[in-house]
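Reader: Hi! I'm new to this one. Could you walk me through it?
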Amino acid sequence: MLLSRFEQARFVVLMIKFEHVGLRYGIGPEVLSDVSFTLSPGSFHFLCGPSGAGKTSLMSLLYLGRRPTRGSIHAFDKNTNVLDRSELARLRQNIGVIFQDFRLLPHMSAFENVALPLRINGLNEKKIKSHVEELLDWVGLGDCMHRLPPTMSGGQQQRIAIARAVIANPKLLLADEPTGNLDDEIGMKLMGLFEQLNKMGTTIVIATHSLQILERLPHPRLILEAGNLHVFDPKTTVTDPVTIPSPQTYVEGGLDV
Amino acid sequence: MSRIFALSSRKNVGYDVPLHLKLGTEFLVLLITLMSFLSILALIGVVSLGHMTKSWTSGLENSITIEIPAANISEDNIKSLLEGLRKIDGVQQAQRLSQKDMQDMLSPWLGDVSGLWDDLPVPALITVNIRERSTLITSEITATTRRLLPDANVDAHEEWLHDLLKLANGLRLLSFSVFCLIMLVTAAVVGGAVRSRMAIHHRELELLHIMGASDSYITHQFVRYIFVQSLKGVCIGILLGFATIGTFGLLSHKNPGTLPDISLSGSEWGLFVVVPLLLSLIGVWAARITALRVLREMP
């Protein structure tokens with residue numbers, strides 16, 4: 001019998017741990033400097049910061065899309081610095097990613113796009129069909145599952161991207177501006193879905209600049225500024241108010257997240 | 001290979017990477033067709049040279065010719081020489097070439113010579129068939145001939161047979177080199193095509209990696225694509241090759257003597273199918289090596 005994501009997550013002691021991580025591209029300056037933080041299993045974090053702060057780079061390290069130039073990253077209790085390519089690929093199967101630009105494959109139908117992670121995981125076609133159809137029905141795209149993404153609206157494409165990210169029941173879900181193309185009401189509904197997944201045990205990191213979301217959901221925030229990371233938890237006492245800016249500082253006033 | 005067919009059986013999608021889109025690499029089918037056809041031509045060269053060499057050697061290898069100048073022809077001398085030759089151990093047969101055989105031999109160059117035969121200074125020829133060629137038997141035949149008919153000339157065909165075989169073997173080696181070159185060019189071009197498709201679809205490859213696709217999963221996509229393309233090319237190449245062999249055989253049949261005989265045995269026909277398929281496998285191998293190498297360069 002399959003364990004629920006929550007039950008599986010309990011066995012993972014360490015979801016993600018960054019230790020003094022630095023990242024530079026080629027011989028350029030460090031875009032991330034000495035970043036250290038831990039994501040516990042079943043946690044929910046927002047990732048915020050101004051444009052150019054290194055959010056995209058941090059996200060790419062989180063989904064194990066690149067290796068740090070210094071420091072170490074532990075994911076699912078394993079030190080990723082010493083893993084070979086096939087082991088890294090297996091770890092990535094535990095991570096769902098929602099990109100801001102969706103990154104759907106335009107030559108594949110909605111069904112095929114959502115089915116892709118399951119095919120990569122090696123699930124049989126019968127199970128893939130039932131899982132994908134069920135999920136597409138659930139996100140309201142059951143009647144257009146055989147349409148190609150370019151023929152669909154932005155909102156529909158976003159729902160396909162979300163369905164694709166969650167179909168394989170990931171232990172860690174990363175979302176880059178998932179509410180960017182949605183109105184506030186649907187955006188909050190989507191956040192409700194993420195909260196639901198989080199309650200089932202999925203660890204979630206959402207990069208967002210929505211002040212409304214940040215104010216309504218009191219989850220810890222990973223705030224990036226010029227390659228440095230601060231962790232701010234609204235539920236606990238802020239110990240270093242100088243280094244932790246208010247949401248308005250990193251959301252408003254022209255600062256993109 | 002089973003993975004290739006498992007992927008092919010998928011109902012709704014061909015490739016995760018849009019390899020089916022025409023992006024200028026369709027020349028692969030044309031290239032494989034051409035390479036298959038060229039490999040068949042090279043094989044025709046090897047096979048027909050093999051046939052020619054075989055016919056030369058089988059006709060001459062176990063025979064020695066003794067030429068008696070026209071001035072020295074005497075039935076008694078010839079008879080005693082034939083008797084002397086037949087006594088040598090290893091000689092199967094020794095006989096004088098008949099007048100008719102001689103006329104048949106000369107007719108391609110001199111036309112019908114039957115009316116002029118008595119006026120022509122034609123030497124007498126004795127064919128000696130031996131069981132197995134060796135230096136001992138050749139020298140024994142030469143010694144016997146020298147003793148009984150000092151003016152007769154012994155031709156063991158060794159010199160020009162050796163030269164002909166050397167030429168034939170050289171040509172066969174050349175054909176084989178051409179064949180190897182075809183294999184190398186195929187591998188290089190397929191590798192280049194795969195590399196270019198991977199550069200075009202870099203974003204899709206990155207996405208598949210992020211979703212947890214292993215290098216071998218992605219490589220299988222390219223291997224399957226190249227397998228399908230090369231199979232198409234090989235089939236067309238084989239058909240063209242067979243058409244060429246048919247035409248060659250027809251021309252050879254209509255003009256005997258002008259073209260070498262390339263009547264093929266069952267195994268040789270099989271070779272003409274297997275070799276282009278081998279070419280296709282080399283393409284698949286090149287695709288696999290290239291794809292894995294490019295993927296390893298990605299983070």
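Predicted model: local features only at pLDDT ≥ 70, side-chain atom pairs only at ≥ 80, totals over all residues.

Reader: Great. Is strand β8 of chain A mostly covered or open?
Author: Mostly covered: β8(A) spans residues 203-207, and five of its five residues are buried.

Reader: Which residues sit on each of its faces?
Author: Thr203(A), Val205(A) and Ala207(A) are on one side, with Ile204(A) and Ile206(A) on the other, and both faces of β8(A) are covered. In a regular strand, side chains alternate between the two faces of the sheet.

Reader: And what does β8(A) pair with?
Author: Strand β3 (residues 44-48) of chain A runs parallel to β8(A), joined by four bridges. There, His45(A) is opposite Val205(A). Strand β7 (residues 172-176) of chain A is also parallel to β8(A), over five bridges, and Leu172(A) stands opposite Thr203(A).

Reader: Switching topic: which residues touch the most others in the largest nonpolar core?
Author: That core has 113 residues, and the ones touching the most other members are Val114(A), Leu136(A), Leu174(A), Ile226(B) and Ala287(B). Helix α2 (residues 27-60) of chain B gives the most to this core, 13 residues.

Reader: What does Leu174(A) touch?
Author: Leaving out residues up to four places away in sequence, Leu174(A) touches Met59(A), Leu62(A), Tyr63(A), Ile95(A), Val97(A) and Val205(A).

Reader: Last one: how many residues does each chain bring to the contact?
Author: Chain A brings 21 residues and chain B brings 15. On the chain A side, α3 (85-92) and α4 (110-121) each supply at least two. By class, that side has nine nonpolar, five polar and seven charged residues.

Note on methods. Residues numbered from 1 in each chain as written. Chains lettered and ligands numbered in written order. Contact = placed C-beta atoms within 7 Å. Nonpolar A, V, L, I, M, F, W, Y, C, P; charged D, E, K, R; others polar. Buried ≥ 20, exposed ≤ 12 C-beta atoms within 10 Å, placed from the backbone. Pairing = 2+ DSSP bridges. Core = buried A, V, L, I, M, F, W, Y, C linked by C-beta atoms within 7 Å.
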